[in-house]
Amino acid sequence: CFNSGKTIKRTIESLKNQTWHNKEIIIVNDGSNDKETLKVLDSFEDILIINQENLGLSAARNIGALKSRGRFVFFIDSDDWIEENSLELMFNYFKENSKNKKKFYVFSDIVLEGKYKKIVKKNYNFFEQLFLNQIPYSIFIEKNTLLLNNGYDEDMKLGYEDWEFNIRLGANNIFGK
């Protein structure tokens, strides 16, 4: 998170209230300097908070993944939230579909809210991925797969880091489902 005091509590609560209980929650505070964000983060005692200078989204995701202890990682931005069964559904999908040992990662449809509210559905197609990002940034992926593919490019500080990472995964025959 970075200066996310108005939204981070809802994000954390959506993670804490998951039906899949076998999880750890790691918040990487990427140099927030607003009092509201720091106050919200201080109010949670049962999550790991990593404070770092502002290094950007890619660095925050990478450090969170490196510090995690589980087999899987899931990324979510500080102004987003997920339905209470999201992680359980993603894990079960992964478990059921990984029996053939094929490497992949899981993503879901997203609901956009604001002036216009809509559901965005995406189907992964590597060729199309080269021209238009087909995948939301919130992916459920094996930590080892993330690390073996060098994580997010920390030189990308102006956006598109998730798109670049998804292209790299596809180039290495690891596809989104």
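Buried here means under 20% relative accessible area, exposed means over 50%, and partly exposed covers what lies in between, with a 1.4 Å probe and protein chains only; by that scale N51, at 57% relative accessibility, counts as exposed. The model is predicted, so local features need pLDDT of at least 70 and side-chain atom pairs count only at pLDDT 80 or more, while totals for chains, interfaces and linings use all residues. Residues are numbered from 1 along each chain as its sequence is written, and side-chain values use heavy atoms, with hydrogens and water left out. Helices (H or I, at least four residues) and strands (E, at least two) are DSSP runs, numbered from the N terminus.

- Strand β1 (residues 26-30) and strand β2 run parallel and are joined by five bridges, where two strands are taken to pair if DSSP finds at least two bridges between them.
- N51 and G31 are 20 residues apart in sequence, and their C-alpha atoms are 6.9 Å apart in space.

**Salt bridges**

- Side chains of opposite charge can pair when their charged atoms come close; the structure holds six salt bridges, each defined as a side-chain nitrogen of Lys or Arg within 4 Å of a carboxyl oxygen of Asp or Glu.
- One of them joins the side chains of E36 and K6, with 3.6 Å from N to O, and this pair links distant parts of the chain, since E36 is in helix α2 (residues 35-42) and K6 is in the segment before α1 (8-16), 30 residues apart.
- Within that pair, E36 is partly exposed at a relative accessible area of 38%, whereas K6 is exposed at 75%.
- Another is formed by D46 and K16, whose closest N and O atoms are 2.4 Å apart; D46 lies in the loop between α2 and β2 (48-52) and K16 in helix α1, so the pair ties together parts that are 30 residues apart in sequence.
- D46 counts as exposed at 54% relative accessibility, while K16 is partly exposed, with a relative accessible area of 26%.
- D77 and R61 also meet through their side chains in a salt bridge, at 3.1 Å from N to O; because D77 lies in the loop between β3 (72-74) and α4 (86-97) and R61 in helix α3 (residues 57-67), the pair ties together parts that are 16 residues apart in sequence.
- Both D77 and R61 are buried.

**Aromatic rings**

- Rings of Phe, Tyr and Trp (its six-membered ring) pair if their centres lie within 6.5 Å, and planes under 30 degrees apart count as stacked, over 60 as edge-to-face and the rest as tilted; by this rule the count comes to eleven aromatic pairs.
- The rings of F75 and Y152 have centres 5.4 Å apart and planes at 85 degrees, so this pair is edge-to-face.
- F75 lies in the loop between β3 and α4 and Y152 in the loop between α6 (143-148) and α7 (161-171), so the pair ties together parts that are 77 residues apart in sequence.
- F75 counts as buried at 8% relative accessibility, and Y152 is buried with a relative accessible area of 3%.
- Y160 and W163 form a tilted pair, with 5.8 Å from centre to centre and 55 degrees between the planes, and Y160 is exposed at a relative accessible area of 56%.
- Ring pairs also link W20, F72, F91, Y93, F94, F104 and F140 into a cluster.

- The charged end of R61 sits over the ring of Y152, 5.1 Å from its centre, where the term requires NZ of Lys or CZ of Arg within 6 Å of the ring centre and within 35 degrees of the ring normal.
- The charged end of R10 sits over the ring of W81, 3.3 Å from its centre.
- The backbone oxygen of F75 lies 3.0 Å from a polar atom of the side chain of S138.
- S138 is found in the loop between α5 (126-129) and β7 (140-142), and S138 counts as buried at 12% relative accessibility.

Terms used. A polar contact is a pair of N or O atoms within 3.5 Å; within protein, one must be able to donate a hydrogen and the other to accept it, and residues adjacent in sequence count only if both atoms are side-chain atoms.
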